[in-house]
Protein chains: 6
Amino acid sequence: MTDVFTLGEAVGIITAERIRHDMDVRLDIGGPELTTAVGLARLGHSVTWLGRVGADELGARIVTVLRGEGIDTTHIQTDPGASTGLAMRQRRIGRAGHVVHYRGGSAGSRLGPGDIPARAVQSAKILHVTGITPALSGTAWSAAHHAVKLARDSGLAVSVDVNYRPQLWIDRQEAVEALNELATGADVLFANQEELQLIEPTIGTIRELVVTRGSKGASSTVNGMRYDAQAAPVTAVDPAGAGGAFVAGYLSGVLEELHPTDRLRRGCALAAFTIASQSNWQGLPTRTELPPLTF
Amino acid sequence: MTDVFTLGEAVGIITAERIRHDMDVRLDIGGPELTTAVGLARLGHSVTWLGRVGADELGARIVTVLRGEGIDTTHIQTDPGASTGLAMRQRRIGRAGHVVHYRGGSAGSRLGPGDIPARAVQSAKILHVTGITPALSGTAWSAAHHAVKLARDSGLAVSVDVNYRPQLWIDRQEAVEALNELATGADVLFANQEELQLIEPTIGTIRELVVTRGSKGASSTVNGMRYDAQAAPVTAVDPAGAGGAFVAGYLSGVLEELHPTDRLRRGCALAAFTIASQSNWQGLPTRTELPPLTF
Amino acid sequence: MTDVFTLGEAVGIITAERIRHDMDVRLDIGGPELTTAVGLARLGHSVTWLGRVGADELGARIVTVLRGEGIDTTHIQTDPGASTGLAMRQRRIGRAGHVVHYRGGSAGSRLGPGDIPARAVQSAKILHVTGITPALSGTAWSAAHHAVKLARDSGLAVSVDVNYRPQLWIDRQEAVEALNELATGADVLFANQEELQLIEPTIGTIRELVVTRGSKGASSTVNGMRYDAQAAPVTAVDPAGAGGAFVAGYLSGVLEELHPTDRLRRGCALAAFTIASQSNWQGLPTRTELPPLTF
Amino acid sequence: MTDVFTLGEAVGIITAERIRHDMDVRLDIGGPELTTAVGLARLGHSVTWLGRVGADELGARIVTVLRGEGIDTTHIQTDPGASTGLAMRQRRIGRAGHVVHYRGGSAGSRLGPGDIPARAVQSAKILHVTGITPALSGTAWSAAHHAVKLARDSGLAVSVDVNYRPQLWIDRQEAVEALNELATGADVLFANQEELQLIEPTIGTIRELVVTRGSKGASSTVNGMRYDAQAAPVTAVDPAGAGGAFVAGYLSGVLEELHPTDRLRRGCALAAFTIASQSNWQGLPTRTELPPLTF
Amino acid sequence: MTDVFTLGEAVGIITAERIRHDMDVRLDIGGPELTTAVGLARLGHSVTWLGRVGADELGARIVTVLRGEGIDTTHIQTDPGASTGLAMRQRRIGRAGHVVHYRGGSAGSRLGPGDIPARAVQSAKILHVTGITPALSGTAWSAAHHAVKLARDSGLAVSVDVNYRPQLWIDRQEAVEALNELATGADVLFANQEELQLIEPTIGTIRELVVTRGSKGASSTVNGMRYDAQAAPVTAVDPAGAGGAFVAGYLSGVLEELHPTDRLRRGCALAAFTIASQSNWQGLPTRTELPPLTF
Amino acid sequence: MTDVFTLGEAVGIITAERIRHDMDVRLDIGGPELTTAVGLARLGHSVTWLGRVGADELGARIVTVLRGEGIDTTHIQTDPGASTGLAMRQRRIGRAGHVVHYRGGSAGSRLGPGDIPARAVQSAKILHVTGITPALSGTAWSAAHHAVKLARDSGLAVSVDVNYRPQLWIDRQEAVEALNELATGADVLFANQEELQLIEPTIGTIRELVVTRGSKGASSTVNGMRYDAQAAPVTAVDPAGAGGAFVAGYLSGVLEELHPTDRLRRGCALAAFTIASQSNWQGLPTRTELPPLTF
Ligand SMILES: Nc1ncnc2c1ncn2[C@@H]1O[C@H](COP(=O)(O)OP(=O)(O)O)[C@@H](O)[C@H]1O
Ligand SMILES: Nc1ncnc2c1ncn2[C@@H]1O[C@H](COP(=O)(O)OP(=O)(O)O)[C@@H](O)[C@H]1O
Ligand SMILES: Nc1ncnc2c1ncn2[C@@H]1O[C@H](COP(=O)(O)OP(=O)(O)O)[C@@H](O)[C@H]1O
Ligand SMILES: Nc1ncnc2c1ncn2[C@@H]1O[C@H](COP(=O)(O)OP(=O)(O)O)[C@@H](O)[C@H]1O
Ligand SMILES: Nc1ncnc2c1ncn2[C@@H]1O[C@H](COP(=O)(O)OP(=O)(O)O)[C@@H](O)[C@H]1O
Ligand SMILES: Nc1ncnc2c1ncn2[C@@H]1O[C@H](COP(=O)(O)OP(=O)(O)O)[C@@H](O)[C@H]1O
């Protein structure tokens, strides 16, 4: 029995200020589903994370971190035939970011439907997937859809974060089709403002639609009613990870059947902790750190 | 006119003590031909380095470093279709090192015969290649052989460093064939002790054979005469780069027509500077730092 | 002869972003009376700091720092029977801070009335104590009161900073009684906004009451007249130490008989320097750095 | 079912070069039983670690690390009434080390016999305790002895590491008595050269006595036969943790019924990995890093 | 043929938070003409930088950096008789900065008219000088004026940045005379708000006058018409270098004959990149990072 | 009353591995007389240090450090007309070090006979000077000789460390004359092996001649008898400061009238602590850290 079952790829992340000059850089691991899993686990929910990692040190780090957080890692596959993926990023002002992905053919992208443990999925309350997984490879695409189908057939809630990453798709059209196909199965759908138009075809069909608006907070439409929450006041250290953290907070609210506004508030609170930290996931709060204590 | 023309792949290098725990790691660039090029340039020789880099920040770093050292970078190709390669290494005791290469399909591996500027090669005094290049891809294999052929046809000296990296070859047999084929063309051939047996078939045909023996120094057989030099006494900080630095010192001695023993000594001196530094190339000496000043 | 005599506990301070993850943390020493002492000394006032330290390296660090700043350390006791205290803090967003005190039974908490050098106190112009000292232990409570009594009997001005730290008291009631008892003896009393209601019983009796309001600045009531000053515009690096720094600036104004508004302004200026620095005390300004130069 | 059950105290560890000057220091966690547990788990053995931690961030770190390594942490008690202990150390040349313990009354020292899960102990193959636990408090003393009694009564092997820490005992006599009492119950007893004379009264009765000799390696007397192994050649970065790592390697050899000499060799190998690392436990090898690969 | 020829002094720069406490400080090189040169080169313009450096490691660093950026360094003189200059700075709040210059008699200050390569100057499109050069020494004063004369005689555009540094002049009167003399020759003149009154006598005669206003942006008067641009929204990491970066962006706009408002905008964009970086020059953007991408 | 009076120049010291590449460097202060003063003070001797510092942050650091160590700093002059000197060093293998001095015209070099407080000198037991002071300037030369004359006239012991720094002298001949002139006044004379021949003319006249031999230890000739001591076994981190530390240990032995061999041993012990530390002075031991504890 697990509250939330999630699957995806976790990769090593190198972060520099200026790749062409820096000699000291930061090494971490990340992935939006990993962030969501850690966020939920720190609040006391039981979580399973599924993915493939390489038989290398980065793979060991991913498993060690997840297990350390009390997340069920027993379904993770260690793939002897591929390396754990890696992303190299540079923080620049405005929109001039720079990420190079070293994840083509990565262990994580080799996830397939056969890796999905049907029982484990079926015994969860929520299945959470993101739009990154179908972009990784054909088998990963199938794995995501297979999991969603399993979930729907068993009647558990399906949560989807659109997470559109242009670099991972051949073209926008391919992404639009795949992401709408995925979104169609969602009970709860998360999108940021840019992603909204991408999933326009599907939006109308979603029971619980959550839109994040960066420093302007987040809003939702639940059964046709609109709810809003402000972002928490915080000095941004590194905004990466905000989306996955928000989802963790929101789903925690779903699991505890909080009022829709309080689901948004918890999402914003978790995002704020991540934004104030260099890491995607290390800054996530424990339950005792949650508001009202926090702000 | 250039003293030495060299070609190969340069990659980003991440170095950690323990990948599964470290949050602060070192980012540098490297490649044995890059080390050799920098070593020669710092001693005042004119050098051309050829290779392909990605249209990304790591690629910019490679070009910037080489150009900064006064090396001719005008023939470098920036490949918009592939990323600059990356290696992630971990320093452990004894033989338990750990390197993961993210260079499959890298820009550097897409080097091909068409990239070789015939005039530039022909106007050099020495062409230097390593056994890594033929392992990168079929086109890289052709590029190396094309360059050697150009050199031989024009009568310039060919220098080959065996540089056997098991991970880059399908099996040992494939490597043995390819490396001997490359070695056959050499006027000066460099091998460490493990590589000696690999190139046994070719050894007899080489005019100037140089064998490095780690902390025990190096020796050569030149026209049938044997010469020896001791390694310089130095506390090893990071031994990576020693081979490429040694080659730089040795070829500098060849260019200046030093006595064979002094060629070895200069090779050992440059290797020592690199071993005493965290970087493969930053520790390389200027001419005023050379012995007799040094030891 | 000394301008200001102050007493209290100084401890080692470990600061991390996230104790459960960080491998590199900051080690400093601190204590509000230490901050106040350094602040005054850097402006050219003569200061004596009294306290007990352990016969360990942290104790040596405290004495070395204070002596280095030109503060009279001749009355400090080195206690062979107890360690110097330590606090481990974590900076989190909002109110979710986290401090663990390792100071139960610390050398500093063993301060007693017998440690107070009557002559040294009596020859000062101002005695400054904080509400932390009576919370440390029974003997420390007595020491603080003994010093205040000595001061009042000799006619020197008594300055008290309320400095209510809930963790150091059994319950709020105990604190209210003890802090009001201490406050009663004050000529100048410092409180932040939260502490105001705590000392309500005493407020009416204080000649010079100073209230700090964080980023909103500070105000005072001196002989029934109200004065105000704005906080200096500054990007907060670590707000810890602001209170002690403010007191240093204000008391410097008292010693120089500045206009009440200028006392507040100097307090705000010193606080700003501390807030802009990672350390509680290292950022404190010299006299040449004071406004009008500063802002 | 677990291969090894161990219990003890884990604490936060601050390491500086010079406490009186350093601003940047290292924060880690440690304890010889934690090192032993991690060492065994990385080699694939199943391990349970028992101890009490505070309801603070250091406590969370200890649980997270152990759980991350795959160690059974389900019996750990989080004590809301006490802080996790802390040690502050300084590395100096020769014997002039300096450690200040902040662990009087720590959560870890409040371990008691009631915390020992009888079933879990009884289902293990080996119980491992150190001479530190009985020094922590009366209840900890009882807990260690209770565990040993449980183990002996159930017929599992008892492993004891003498681990004499003078600072934790009132006087040497007290330690001699307590440590011999503990040692008496041992099937395997570990001592370094200084500790040998301390346990002289008991030595004769021990089936498998292992003596470590720092850089000179280790030897054992098993059923009256003497065995020896050399230390691995390694540049020491921080020797702390060598003892606990050695025990892990040795007990791994016991579990796999290796020849006595190979037990010593594996102990020396694990110690070498720890000595080459700044951390007590992070440098410990995986099974694939073990000799013959290593040296 | 070069687009812009610039000359000046580059020095080593040590940056600390608090010189009296910090053990770890930053070492970089800088000088406003170096920043301008790098800024222009990164946008694809051809640039020549002229100056003298010492025959020391800092001098080598200056040449290596400039050459690495693709700037023509062939006219740089390495002066065996003097050291490369050095500046030690401390970042403090408000106006309380602190810089100590170690550049009296530096290699850079020994620049003289004889160092100016007439042909190279004459073949450029723009000559750029700052008001720092005439302040360095009598020969440097002559060098700047000689270059301006050469430029005017050959009809190339002259760009002057006032750059008034009080510490480098005997008194304000001396500076006023020298700076107006230099400004008189300018086609494009850059001044910040404080410098405006200094060059009042000359202002009327300037065709293209550009005034920077810190976070309020910049404005220009071109042939009597006034233009304005806002500063880019950016969190300042270290504002040093903003002026030189602005000039690079503006001159890039001049070279590309952009509309006056777009010249200002490009100036503001480059300044923003530098302000967001710890370095004066490392943060400067490539052409692909320029707006509209950026903001 | 002071045990040892010493005078000289203290400067800021920047230490890098490779000045042309490093962005993070170390800032410390140093000078052999400062090291000697700190070494003596930490062993409990009373010490006075005299010198001039600039009215800048480096000057403040020097005074703060010395005063913090309990050294009498009341005679230090703060010179408003000159900056505190600075040295920039790079650690390279073998003899290929690199130091650039920024101390021409420094505050420290402006020391003159008028700065020498006659009473303070005369009330000491030992005056200690080094051969660096006469090399700094004519006035510094006079100051050193004036101090020696005062000491001799008052019958206190004069200690001289030859400390020949070629860069600070016009030529060797000038140094030979000046250093022998200084050495003539010595009761105790310190020289390393290279300096021995420089002071040959004077050697015969010295009562207590001490020769240091790097890792081979030190020896002395006292009243014609020869004594020897081995260097302490230590892994060198940064050998700088060894000489000044040795002198501190030796003079401590003189003050305590230890046997000549024990004077050497204490010198070697203090040198070892400094060699094991990155700093010239921070690693110096307290009395409790002295042998027999240490080795
Ligand atoms: N600058 C910010 N300050 C405070 N909260 C923020 C900020 N940026 C993002 N957030 C929080 O993170 C959530 C997700 O951020 P957003 O940028 O919308 O998503 P994504 O990262 O997935 O594109 C927001 O709803 C908000 O709560
Ligand atoms: N520990 C060491 N100490 C000093 N010099 C060394 C050391 N290791 C290598 N070298 C130098 O580097 C050269 C090349 O090293 P080697 O290990 O033989 O080559 P490779 O790195 O190519 O395998 C040696 O000939 C020697 O001069
Ligand atoms: N964010 C801030 N910006 C500027 N000044 C501040 C800020 N926070 C505190 N200060 C200054 O520090 C003083 C004391 O701060 P406050 O938070 O009131 O006290 P305490 O730290 O003792 O609770 C204030 O009066 C103000 O001058
Ligand atoms: N300098 C060293 N080099 C290599 N191995 C060492 C070194 N010091 C200790 N070891 C290894 O660690 C083991 C335990 O070290 P020892 O110092 O005897 O124990 P303890 O740390 O418990 O006192 C030794 O048996 C040896 O294998
Ligand atoms: N705080 C800031 N935020 C954004 N841009 C800034 C800021 N400060 C300076 N700039 C930019 O840098 C340019 C030059 O800054 P300014 O301070 O006027 O020049 P200088 O550094 O030469 O005195 C400004 O025109 C503006 O574009
Ligand atoms: N490598 C070393 N190991 C141990 N001690 C050393 C070492 N180098 C120097 N010392 C100690 O420092 C003392 C002074 O060193 P030396 O090099 O002779 O002087 P200087 O630094 O003044 O030239 C020596 O006598 C010895 O005690």
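Analyst: A helix axis here is a line fitted to the C-alpha atoms of the stretch in contact, and the angle between two axes is taken between N-to-C directions, from 0 to 180 degrees. The model is predicted.

Within chain A, helix H1 (residues 32-42) packs with helix H9 (residues 242-255) at an angle of about 45°, and their axes lie 8 Å apart. Because angles under 35 degrees count as roughly parallel and those from 65 to 115 as roughly perpendicular, this angle makes H1(A) oblique to H9(A). The crossing in which H1(A) passes H9(A) is right-handed. On the H1(A) side the contact is formed by A:Pro32, A:Thr35, A:Thr36, A:Gly39 and A:Leu40. They meet A:Gly244, A:Ala245, A:Val247, A:Ala248, A:Leu251, A:Ser252 and A:Leu255 of H9(A). By class, this contact of H1(A) with H9(A) holds 7 nonpolar and 5 polar residues, and no charged ones.

A helix pair also packs across a chain boundary. Helix H2 (residues 57-68) of chain B and helix H2 (residues 57-68) of chain E have axes 7 Å apart, at an angle of about 130°. H2(B) is therefore oblique to H2(E). H2(B), too, passes its partner H2(E) in a right-handed crossing. The residues that touch are B:Thr64, B:Arg67 and B:Gly68 in H2(B), and E:Thr64, E:Arg67 and E:Gly68 in H2(E). This contact of H2(B) with H2(E) has no nonpolar residues; 4 are polar and 2 are charged.

Chain E is superposed on chain B by a rotation of 180° with 0.0 Å of shift along the axis, at an RMSD of 0.0 Å. E:Gly68 is the residue of chain E that comes closest to this rotation axis, its C-alpha being at 1.7 Å. The copies meet through the same surface, because 100% of the interface residues of chain E are also interface residues in chain B.

Chain B has a contact with chain A as well, made by 26 residues from chain B and 26 residues from chain A. About 2,400 Å² is buried between these chains, and carbon and sulfur atoms give 60% of it. In chain B, the residues that lose the most area to chain A are B:Met23, B:Glu57 and B:Tyr102, together 28% of what that side buries. A rotation of 180° with 0.0 Å of shift along its axis superposes chain B on chain A, with an RMSD of 0.0 Å. This is the relation of a two-fold axis. Both copies use the same surface, since 100% of the contact residues of chain B recur in chain A. B:Val25, with its C-alpha at 2.8 Å, comes closest to that rotation axis among the residues of chain B.

Terms used: Residues are numbered from 1 along each chain as its sequence is written. Chains are lettered from A and ligands numbered from 1 in the order in which they are written. This is a predicted model: local features need pLDDT of at least 70, side-chain atom pairs count only at pLDDT 80 or more; totals for chains, interfaces and linings use all residues. Side-chain values use heavy atoms; hydrogens and water are left out. Copies are superposed by least squares on the C-alpha atoms of residues with pLDDT of at least 70 in both. Contact means heavy atoms within 4.5 Å. Helices (H or I, at least four residues) and strands (E, at least two) are DSSP runs, numbered from the N terminus. Angles under 35 degrees count as roughly parallel, over 145 as roughly antiparallel, 65 to 115 as roughly perpendicular and the rest as oblique. A crossing is left-handed if the near helix is turned anticlockwise from the far one by less than a right angle, and right-handed if clockwise. Ala, Val, Leu, Ile, Met, Phe, Trp, Tyr, Cys and Pro count as nonpolar, Asp, Glu, Lys and Arg as charged, and the others, Gly among them, as polar. Buried area is the accessible area (1.4 Å probe) that two parts lose on being put together, summed over both.
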